[in-house]
Amino acid sequence: MTFAPNSAPVLRLRDRLFAFNERVGLALPLSVLIVTGMLLAEPRFVAKMNMFNVLRDFSVITLAALGQMLVLVTGRFDLSVGAIVALASVTTASVSNQLMLVFPDMIGFVAVLGVLAGLSVGAIAGVGNGWLISTLKLDAFIATIATSSIILGAVFVWTYGVPVYGVPKVLTQWVGRGQIFGLPGLLYLTLVAVFIVWFVLERTAYGRHILAVGSNEAAAEIAGISPKAIICGVFAASGFFAALVGVYFTARMGSGQSALGANTAMQAITAAVIGGVSLRGGSGNPIKVMFGGLFLAVVGNALNLARVDSKFQVLVFGVVLLAAAFLDRATDRAARQEGQR
Amino acid sequence: MNDKQQMQAALGTQDEHVLQMSDISKTYGVNRALDEVSFDLRPGEVHVLFGENGAGKSTLIKVLTGNVRPDAGTLTINGQSCGFLTLRGAKAAGISAVFQEFQLAPSLSVVDNLFLGREKTRRGILARAEMQDQARQVLAELGFAIDLEATVGTLTRAQRQMVEICKALLLHASILILDEPTASLNDHEADALLDVVRKLRHRGVGIIYVSHRMREIHEIADRVTVLRSGRYIGTLPRAGLQEAKLVEMMTGRPIAALYPEIRQDPRAMRIRISNLSTVNGAVKDASLTLRAGEIVGIAGLMGSGKSEIGQALFGLLPIRSGQIEMDGTLIKPRNPSAMLARHLCYFPPDRNVGGLAVSRPVLENGSMTGLSLNMFSRFGFLRRRNERSEVMKAMKAVRLRPLDLTLPVGSLSGGNMQKVLLARGLVRNTEVFVFDEPTVGIDVGAKAEIYDLLKSLVEKGAAVLMISSDLQEVLRLSNRVYVVTEGRTVAELCGDQKTEDNVLKGFFGHAPKIRKEGVA
Amino acid sequence: MTTMQMTRSFFLNSAVVGLVMIALLLAGFSAASPQMLTKGNIYNILVQSSYLMIFASAQSMVLLTRGYDLSLGNTVSLVSVITAMVLVSPWGQAAGAPILLAALCGLGAAVLIGGLNGTLVAATGLNPFIVTLGTMYIVQALGSTVSGGFPVSGVPAQFMALSRLDVLGVPVQIWTLGLATLALHMLLKWSVYGRSLYLVGANPTAATTAGVKTRMVTAMAYVCCSAFAGLGAILLTARTGSGEPTLGANLTLEAIAAAVVGGISTQGGRGGAVAPLIGAVLITLLSNGMDLVQIDGYVQQICLGMIILIALTLDRFRR
């Protein structure tokens with residue numbers, strides 16, 4: 001018997017738009033558009049300091065969005081990203097602070113331990129989220145709001161809301177203000193992270209399993225994949241990336257702060273949605289998400305340069321998010337009709 | 001099980017059993033799904049499992065695949081007693097199943113799905129070329145042409161079926177379970193599939209084949225085992241297979257006793273559908289008529305669009321073109337409430353998904369269709385006493401057991417859930433009933449009760465459109481039968497033309513021409 | 001039903017769990033602090049819970065349809081700011097009935113937000129989380145821009161007096177508590193709309209097939225939610241005496257928490273009118289009691305998180 005592969009001729013403009021969105025996504029053309037627009041219209045955009053800021057914002061948003069994307073791919077949400085940023089920041093600062101008293105001559109070693117402590121605390125908090133959601137099968141959205149409340153409460157009890165000073169100089173110099181070829185060090189880290197996430201999703205069995213759990217959890221389980229392990233894994237990754245952001249903030253500010261990361265979770269979700277990650281799970285492309293991050297960062301910068309009140313800027317992000325979600329929905333509906341035929 | 005044993009299983013002689021299940025029992029709550037059922041399988045044979053929905057076939061299969069843990073009984077594979085199987089254990093023992101509900105991840109590609117959970121890797125990196133080679137080999141062996149990189153979500157049902165079968169074969173199964181594999185295939189596809197089954201049988205694979213289609217059973221069955229209400233009824237050898245005998249074993253009563261004699265008395269034309277097509281493309285060109293006082297059946301394969309005709313008529317699916325007339329006037333079914341107001345009610349096939357709010361009580365499910373009626377509410381507030389008495393009346397009419405309006409519907413048996421669904425048509429003045437799979441998954445007793453209800457509705461002058469995959473039911477209860485293939489009504493059968501053969505011919509596209517206007 | 005099943009379902013009954021937790025907290029706190037059981041303090045708890053109860057009721061309507069309203073907190077802030085600005089504006093005075101006009105403007109804004117949420121969720125089938133996240137941003141921007149980020153003070157004394165009324169010697173908020181619960185009960189248990197809300201939440205496809213106008217019902221849930229939230233915001237503004245752009249900062253979370261703790265299922269279609277009442281009293285009691293025994297506010301935040309997790313877990317086992 002023979003089956004021709006589904007090759008419905010693409011005729012209508014609407015269909016063509018959907019096909020384009022499927023392949024390339026919304027984020028790349030949007031970010032190209034806004035970057036070009038800024039280059040043409042705004043001379044201050046290319047100023048070195050400004051570029052530096054844009055790239056830093058881009059890196060921070062993209063890192064957090066990568067973790068969020070993995071969680072969204074499994075069909076869930078992680079709203080505890082902001083709390084984990086704060087937790088990692090305070091942990092890194094406190095641990096390196098305390099260790100400096102013990103090993104005053106081994107600053108580098110102390111800094112590395114501090115960073116490791118921050119990152120592992122983030123990953124552990126993520127595993128905790130994953131356990132609640134996979135084993136107790138709690139609603140991911142409300143459960144991560146609850147764990148946010150717990151984590152933030154704990155951070156405040158620990159620090160009384162006061163910044164933890166005394167972060168090792170190496171950290172502020174190398175991580176916070178580090179530059180390679182005149183670009184922020186964090187940018188390189190972000191690009192590497194994008195590549196790693198892409199590689200894991202596309203080239204390893206574990207990545208296939210993440211996509212499968214998001215696409216059809218029951219089928220994945222029957223195929224011998226443990227959804228629990230996958231869900232714990234993606235939440236751990238989300239926690240880890242959030243912690244990375246937290247450590248970076250600590251290094252940049254020179255102190256551990258509990259008020260950091262308030263907007264990070266929302267920015268991460270917005271970037272992921274603009275980056276075309278389906279909210280029903282099963283698909284996601286880190287490269288598109290990266291462009292989602294770039295778009296958000298440049299829009300923020302444009303609004304700043306235009307002296308739009310920062311209070312009013314959120315409105316733009318709200319509209320962008322709704323528009324992206326709407327397009328995601330529209331293309332999905334088209335895909336489903338295709339499947340029925 | 002190691003490789004050596006697998007080899008033995010594959011080369012096993014005819015008198016040696018690859019599988020023996022004895023006295024397997026499984027109880028869900030008060031419901032006995034399996035009651036001391038025994039079953040065996042020899043290498044290189046096709047053993048058909050026959051029975052109604054709910055007879056215990058799927059539970060038996062799930063025991064084999066490790067999805068269900070039985071309460072009692074023994075299981076022997078290749079002469080080794082192996083206690084009970086886990087999902088992993090079943091796979092290790094070479095058991096592989098293709099279910100009717102596909103176990104595929106729609107957003108992944110074909111090749112990803114084929115190797116899901118057992119991907120080939122080189123130093124942790126997916127060995128894509130290797131997987132594609134293997135997949136291509138199996139596809140070629142089976143004679144399927146599917147694009148390995150296509151996203152499964154864009155494939156047709158038949159193509160997905162092929163992917164499932166390839167998946168099972170890639171495992172080198174020694175026991176292969178096929179659960180109604182031809183339910184969504186056309187003639188050629190089904191023939192090709194049967195060829196594959198013969199090929200596998202020749203290779204020594206033991207095959208458990210679930211099917212209702214006599215044609216297939218005649219062609220490939222070596223033995224047929226019949227189950228009914230969770231009990232083992234008997235096993236027939238290939239010689240001496242007779243349809244009447246099988247159906248009698250399956251239902252536990254002579255065919256005539258299950259299906260009531262319905263006095264069909266077609267009167268005024270209620271519904272006339274001409275050249276209907278839906279926006280989603282599932283219905284392409286459907287025409288039919290329905291009169292008061294008759295049952296009109298619609299037969300079709302899974303995914304043929306038969307169900308969508310009912311949905312479009314009820315305003316659940318947007319219509320692209322075509323006309324619907326009700327009592328001689330053109331209508332546009334905008335939404336269900338408008339159609340309910342026209343005294344037409346559609347009863348969806350899947351009680352749990354589309355039909356009932358299972359966590360809510362019988363009362364609320366029963367009055368769902370009537371909330372806007374003056375009988376049930378006034379000024380936006382419910383008239384709870386009326387509601388209770390009307391729903392009670394309807395539930396008594398359908399003989400709901402237990403007759404308790406406060407129970408959540410999810411706690412009832414399939415048959416009683418179907419009765420609650422049916423009662424929704426009775427709480428308001430319904431004259432045209434559209435049933436989609438009215439007896440799927442319910443036991444014989446409940447089935448007979450539903451048929452009696454249909455009989456009394458029709459004989460009181462209601463018009464009934466019955467969309468069903470159960471050929472016996474459609475053929476024996478309907479006054480006329482339409483056959484639907486690929487969204488088109490390709491044949492209208494009445495009187496002596498109503499035979500299984502004619503329906504199947506219609507499915508596969510060489511049917512007698514459709515007549516313009518059908519009155520028996 | 002066997003005895004065991006009955007015992008099980010009794011202890012999983014959300015009202016019972018809530019009341020038991022309230023009793024335990026009362027016992028614990030009154031042992032630790034003699035002030036706990038004074039008439040003044042009990043009044044105080046009830047007065048405070050009356051506001052939270054209104055917000056929790058609002059959120060419950062949406063939760064029943066398997067949605068959330070993340071914009072609730074910012075809606076409260078915006079309504080508070082708008083109400084106060086109309087009150088202090090010259091044309092508020094000129095209209096003759098400044099309080100009525102201000103309240104109408106505030107409620108009108110709330111209904112608009114609810115209408116936007118409802119339309120987007122019901123008409124386009126977008127994920128309610130994303131929709132209300134988007135409108136949350138938008139409403140937040142509007143609230144802080146309109147007010148310039150500062151409290152709007154100088155509202156007339158008559159307006160503030162609304163929150164100090166006593167009827168038959170009982171504070172007006174306690175009346176509100178009782179009447180709002182009763183009204184919600186009437187709505188959910190006696191009205192066609194309430195019934196449709198449960199059916200849509202339990203199984204939207206089945207409800208549509210049975211002729212329920214699922215989209216309309218869902219959209220209206222968001223409108224009702226915002227309208228209730230707006231009403232609560234006006235009452236709360238009367239109490240604080242100024243329009244606060246950050247009035248609702250924690251309210252989204254607390255309202256969801258109170259509803260879920262009281263027994264509204266996050267899976268839709270489950271939970272009654274007493275749920276927001278019990279949940280609100282429980283959460284208020286917790287923070288009031290911890291204040292009395294001088295437990296840090298941040299520890300209270302941890303406890304709130306824990307309580308939500310416990311409530312979610314119980315909800316799991318109920319199914």
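**Exercises on domains, a sheet and a chain contact**

The C-alpha centres of domain 2 of chain B and domain 3 of chain B lie 26 Å apart; domain bounds come from an automatic or database domain assignment. This is a predicted model, in which local features need pLDDT of at least 70, side-chain atom pairs count only at pLDDT 80 or more, and totals for chains, interfaces and linings use all residues. Residues are numbered from 1 along each chain as its sequence is written, while chains are lettered from A and ligands numbered from 1 in the order in which they are written.

**Exercise 1.** State which elements of domain 2 of chain B touch domain 3 of chain B.

Step 1. Take the bounds: domain 2 covers 262-343 + 431-520 of chain B, and domain 3 covers 360-429.

Step 2. Find the contacts (C-beta atoms, placed from the backbone, within 7 Å). Here 12 residues of domain 2 of chain B meet 11 residues of domain 3 of chain B.

Step 3. On the domain 2 side, helix 12 (336-341) and helix 17 of chain B give two or more residues, and helix 17 of chain B gives the most, with 4 residues.

**Exercise 2.** Describe the open sheet of chain B and find its edges.

Step 1. Write the order: the 6 strands of chain B run 18-21-22-15-23-24, with mixed pairing. Two strands pair if DSSP finds at least two bridges between them.

Step 2. Look at the ends. Strand 18 (344-347) and strand 24 (488-494) of chain B each have a single partner strand, so one side of each has no neighbour in the sheet.

Step 3. Check one pair. Strand 15 (residues 295-300) and strand 22 (residues 463-468) of chain B are parallel over 5 bridges, and Gly297(B) is opposite Met466(B).

Step 4. Helix 17 (residues 444-459) of chain B lies across strands 15, 21 and 22 of chain B, at about 145° to strand 22. Axes are lines fitted to C-alpha atoms, for helices over the stretch in contact, and angles run from 0 to 180 degrees between N-to-C directions.

**Exercise 3.** Describe the side of chain A that touches chain C.

Step 1. Count the residues: 35 come from chain A and 37 from chain C.

Step 2. Name the elements of chain A that give two or more residues: helix 6 (140-159), helix 12 (264-274) and helix 14 (310-340). The largest share, 13 residues, comes from helix 6 of chain A.

Definitions and conventions: Two residues are in contact if their C-beta atoms, placed from the backbone, lie within 7 Å.
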